[in-house]
Amino acid sequence: MTNEEDFDHIDPTDQDEEWVSKSQAKRDMHALQELGKKLVALNKDQLAKVPMDETLREAVDECRRLKKGEAIRRQLQYIGRLMRLADTDGISQTMDSFEAGKQAHDAHFHRLERWRDRLINGTPDDLTDYVAAFPHADIQHLRQLIRNAQREAQQQKPPASSRKLFKYLRELAEEPS
């Protein structure tokens with residue numbers, strides 16, 4: 001048999017391992033390094049919730065202590081190598097839950113900003129709509145904050161009252177109805 005005939009008898013489905021191209025292996029490695037960067041960027045409370053072995057945790061802690069760019073790059077490469085052996089599914093799921101929580105927080109924050117802007121720039125009907133949505137609001141205090149914020153906007157002053165109004169709206173949103 002010639003070498004060409006040898007290849008005719010090879011069935012690709014018989015292989016135990018899945019073949020991965022060099023380019024795909026590099027993409028996978030870079031993805032693990034990016035996940036490592038995200039780990040390094042977490043705060044201590046979040047990092048404590050991530051399921052990882054002690055070696056990886058120490059490498060992440062070390063990277064957080066480093067100050068020089070090149071040292072950080074090398075440490076991130078090391079973290080990427082350690083991530084090949086780690087439970088990346090568990091780490092990814094935990095990171096995704098952090099991201100989902102951040103997105104929910106951001107959406108809540110934006111809803112409050114829209115309410116604040118509607119109350120300051122809108123009509124009295126907007127105040128009525130807000131009070132219908134949040135019946136436990138102190139209407140008199142709310143009206144005072146709105147008037148002060150409108151006055152500051154007209155006089156082109158810094159938005160201190162607008163911030164106070166936002167803070168009050170946030171407190172009302174966090175109170176149980």
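Q: How many residues does helix α8 have, and how far does α8 reach from its first C-alpha to its last?
A: In this predicted model, α8 covers residues 139-154, which makes 16 residues. The reach is 22 Å, close to the 22 Å expected at 1.5 Å a residue.

Q: Nice. Which residues of α8 are buried?
A: Those are L142, L145, I146, N148, A149 and E152.

Q: Where do those buried residues fall when you look down the axis of α8?
A: They fall within an arc of 165°, so they line one face of the helix. As background, an α-helix has 3.6 residues a turn, so residues three or four places apart point the same way.

Q: And which residues are exposed on the other side of α8?
A: Over there you have Q140 and Q154.

Q: Changing topic, how many helices and strands does the protein have?
A: Nine helices and zero strands. Along the sequence, the pattern reads α-α-α-α-α-α-α-α-α.

Q: What share of the protein's residues is buried?
A: The figure is 29% of the 177 residues.

Q: And what share of the contacts with a separation of 6 or more comes from residues 24 or more positions apart?
A: Such residues account for 55% of them.

Terms used
Residues numbered from 1 in each chain as written. Predicted model: local features only at pLDDT ≥ 70, side-chain atom pairs only at ≥ 80, totals over all residues. Heavy atoms only, no water. Helix = DSSP H or I, 4+ residues; strand = E, 2+ residues; numbered from the N terminus. Expected span 1.5 Å × (residues − 1). Buried < 20%, exposed > 50% of the residue type's maximum accessible area, 1.4 Å probe, protein only. Arc of directions from axis to C-beta. Contact = heavy atoms within 4.5 Å.
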